[in-house]
2 protein chains.
Amino acid sequence: MSVDAVLNQVDADLDNAMNRLMELLRIQSISTDPAYKPEVAKAAEWLVKDLQSIGFKAEIRPTTGHPMVVARHEGAGPHLLFYGHYDVQPVDPLALWNTPPFEPQIEDTAKGKVIRGRGASDDKGQLMTFIEACRAYKAATGTLPGNITIFFEGEEESGSPSLVPFMKDNAAELTADLALICDTGMVSPGVPTIAGSLRGMLKEEFTLKGPRIDLHSGFYGGPALNPLREISKLIASLHDETGRVAVDGFYEGVSEVPAEQLAMWKTCGFDEAAYLGGVGMTKAHGEEGYSTLEQQWSRPTVEINGLWGGYQGAGSKTVIPAEAHCKITCRLVGDMDPVDVRAKLRAHLEARVPQDAEIHWDSSLDGAKAAFMDTSRPEFEKARLALTDEWDREAVITGMGGSIPIAGYFKDILGMDAMLIGFANEDDAIHSPNEKYDVTSFHKGIRSWVRILDRLNG
Amino acid sequence: MSVDAVLNQVDADLDNAMNRLMELLRIQSISTDPAYKPEVAKAAEWLVKDLQSIGFKAEIRPTTGHPMVVARHEGAGPHLLFYGHYDVQPVDPLALWNTPPFEPQIEDTAKGKVIRGRGASDDKGQLMTFIEACRAYKAATGTLPGNITIFFEGEEESGSPSLVPFMKDNAAELTADLALICDTGMVSPGVPTIAGSLRGMLKEEFTLKGPRIDLHSGFYGGPALNPLREISKLIASLHDETGRVAVDGFYEGVSEVPAEQLAMWKTCGFDEAAYLGGVGMTKAHGEEGYSTLEQQWSRPTVEINGLWGGYQGAGSKTVIPAEAHCKITCRLVGDMDPVDVRAKLRAHLEARVPQDAEIHWDSSLDGAKAAFMDTSRPEFEKARLALTDEWDREAVITGMGGSIPIAGYFKDILGMDAMLIGFANEDDAIHSPNEKYDVTSFHKGIRSWVRILDRLNG
C-alpha cells in the first residue's frame, strides 16, 4: 500500500479533523487552577473515547492529580510511544482576547487560515496531528499503523507533579523503542524542525514580608521598610548591566555551543528580524556577546513571570504593604542541575534580604535539567527525510528554548530516547491571549506524521 | 453655664454616640472605586440628616464627583469652620480582616475598648467627635455652640478632585476666622497633639510597556525584554544605598529642622520603640543620618504603593508579560513644589527606560505642597490649654508625616489658617485591615472639642 492513499485520506478528511480539534478546544482544561479540575477530566475522557473510536485500547489512568491517558495498538515494527498534553495555560488577561478563548474558530488572516483558541497550538492542536494521522491510516488501510503506545498527560502546564511517579509505576508499559513528542515548533514558517536540545527549567516563588501589617505612607513613609522597594532591589540584583545573571556560580555546567552547531543555526532559516520585530523588539535583550538564537537556545535565564504587592485597583492608595510576591522561572542548559541552581538563587536573594524583612519560599515548585537528543539514531534521519518530502524544504535539527521535562524523564527513568517534532510557529501566541494554530501546521503536521510513521515502520 | 454640664452630657450619651458612629461606619463609602458611588452619596445624606437633627442648616452640595456636605449655625463668637471627610479607603486585602470591615463592632482589647471597622479612625470616628460635641452643647444648653460652619468632603481618599473648584466657587461661604481639622493623630497614646506641619503629596502611576504581547519564557526568554525586570530596575534606581532619594534635584526646597524644634520633638512623648516595634521594625529604614521622627515628619519620600505584572494566580506560568504597573506617592516637605517634583521624577525614570520599552503616565493624579500652621495665633494656645485640661498631660505641637492638602488649600484659596487636632493612635491601622478607633479617643475627643469650643468662644 502506498503512503499516498493515507495522505489522500488526510486531505479528504481535513474539515472533520478540524471540527474534532475544535470540540477538544472547547473543553477548558486549565490544569494549574483547581477550579477547572472537572474540565481537565472531561478532556481526558474525550481523548479516550476518540482513541477508542479508531481502534486503540485506551483508558483513563487516575493519579493524585489530573489523569493520564494511555492507549495501545499492538502491531509490527518498532515500538513507538507518542506523548502530548491535553491541559492548557490559564487565559488571563481575558480582556486582551479578541474572541472567547474556549470558543474556537477558523479565521482567515493575512498569513492564511488559523484555528484560534486556547490550546490550539499548545498542545491540543499538535497532539491531534498524530491522532489524525493514525485515524487516516485506519481509514485508508483498515488498521492502525505499526506498534504504538499513546501517552497523554494533563499536568504539563502546571509542573507535571504526577508524571514521574506514574512513569516509575508503569515503566514496563511505557518503555518503547523511541518516544515521539509533538510539543515544539518550527524554527521559521515552512521549515520542518526536529529539536536537538531543550532547555531545562527551575520554578521558584517567594514572598518578601516586611511590616507586620499594611501601613499608611503618611504615618510610616520614611522609617518603614517598603517590601515593594526591597523586592525591586532583589530582582534588580539578579542581572548585571550586560544582561548576565549575577547569581554566584549560576553558569556552572553551562558550555559554549560548538562552532559547527552555531554554523548550522545560522543557516537554519531562523528569521531574526521577524522573530524580534513580530513582538516589538529591535534587538535581543539577553546577555551581551551572544546571538539571538544562542540567547534563546543555549543560554540559561532567570525570568520574572509574576510580581505583585500593594494596591492595584483604580485610583491611589497611600499604603506601604506588608508583603510583596514574585514568581520566577530559570531556563537551564548544559549540565546545570536544578537543585544546585535553586540553592544558589536562594542564597543570592537571602543574602540581600534587609533587616526587618523575611523571605518565604514556596516549596512546592519543581525543576528539570536540560535535555539533549541522541540525533545519531537512524530514526532521526528517517524523520528528517519524511519531513523534507512533506515540506519541500530540507528539515533541520535545532536547539529549542522551551523546556519539555518529559524528554529528560523518558531518558532518565525509562532509558528511552525521544524525538521532538512539532509544527507550531513563533506567532502562535501560546501562553498568551489569542493563541492560534495555522491550519497549514495542522494539515501538513498530520501528513508529516503519516510520512514519518511510514518511514519508521518501513 | 459651666462647661461641666456639657461634659456630663457627653459622658451620659456615649453609648448612643457610639451607636450613631457605627451606623455611619456601616455605609461603604469607598471614594476611589466608582462601584461604591451610591454608598458615598448615602454617607453624605446620613450626615446631612444627623446635622439637621441637632439644629444645623445642613445640605448636600453636588459636585462633578462625590458630594460635599455643608452645614451652618450662626451664633456669637469667632466664625469656626470644621472640616472632616466621610469617605474611606478601600478594604483590600479583605482576607486579612478578622471581622467584616463594614460591620463595625465594639471590641475589648488588651489596651481597652476599640471601635473596629473601616473608617473608624480615618475619618468617620474623628469627624463624629466634633458633631457629638455640638450635640452635647445642644442637649445641655439648648443651642449649638458659637458660630460654626461644617464642611465635609467625600473625596479625601481619592485625591479630592472637586475640592479646589468647590472652594473657589463657594469662597465667601467657606471663609471663616479659623479652620478646625480633625484628621490627625496623637504623637503617643494619651498625649494630646496639635499638628504644626504636614507633609505634602505627589501621586504618580505608570505602566511600563515592553513586548507587543505576553510572551512564552521558553520561546523568548533571553532575547525578550522583560517589563518586570525592567520596572524593578527603575524602582531600585529611585534610592541610593543610604536610603536617600536618587532623583536629580529632588531635595530642592527641603530645609533642615531648626534645633529648637528638634529639641521639642525629643520630649514630645513619641515612643520610638513602640512606633517601630509595633509594626515589626527594629530600626528606621529611611535616610541615614536622620532620626525616626525626622524621617517621618520632615523628610520627603518616594514610596511604591502598588506594583504588579504577569501571573499572580495559583501555580506557575511561564510568561514574560507585555507590561508592568507601578503606583507611587511622594511625601513633600518645606517648599517642594509637586509640579516640579513630578517633572524631576518622570525625567529620572524616562531617562532609564530601556530600548524597546515605553513608559506611560497616568495624567489624572494630583499633588499638594507641604503645609505649615501659624502656631503663633492665640487660638493655638487656647486649644493647647483645653487639651491639657482634658488629657491631664501637657499638649504638644508636633510635625505630621501625613498629607492633608486641605490645610494648604484653606490658606492659599481662602486665606484662612487651620488648626489640626486629632485623636487617632499609631496602631489604629488606618488604610490597613482591621482599622480601629479607641473608645478613649472617641470619648475624650468629643470632650476635647467641648473644652476647645468653650475656650475659643470664651
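Predicted model: local features only at pLDDT ≥ 70, side-chain atom pairs only at ≥ 80, totals over all residues.
Local features need pLDDT of at least 70 and side-chain atom pairs count only at pLDDT 80 or more, while totals for chains, interfaces and linings use all residues. Residues are numbered from 1 along each chain as its sequence is written, chains are lettered from A and ligands numbered from 1 in the order in which they are written, and side-chain values use heavy atoms, with hydrogens and water left out.

Student: Is B:Thr318 buried or exposed?
Tutor: Buried means under 20% relative accessible area, exposed over 50%, and partly exposed in between (1.4 Å probe, protein chains only). B:Thr318 has 8% relative accessibility, so B:Thr318 counts as buried.

Student: With which side chain does the side chain of B:Thr318 make a polar contact?
Tutor: A polar contact is a pair of N or O atoms within 3.5 Å; within protein, one must be able to donate a hydrogen and the other to accept it, and residues adjacent in sequence count only if both atoms are side-chain atoms. At 3.0 Å, the partner is the side chain of A:His431.

Student: Which residue stands opposite A:Asp108?
Tutor: Five bridges join strand 4 of chain A to strand 5 (residues 112–116), and the two run antiparallel. In strand 5 of chain A, the residue opposite A:Asp108 is A:Lys113.

Definitions and conventions: Pairing = 2+ DSSP bridges. Helix = DSSP H or I, 4+ residues; strand = E, 2+ residues; numbered from the N terminus.
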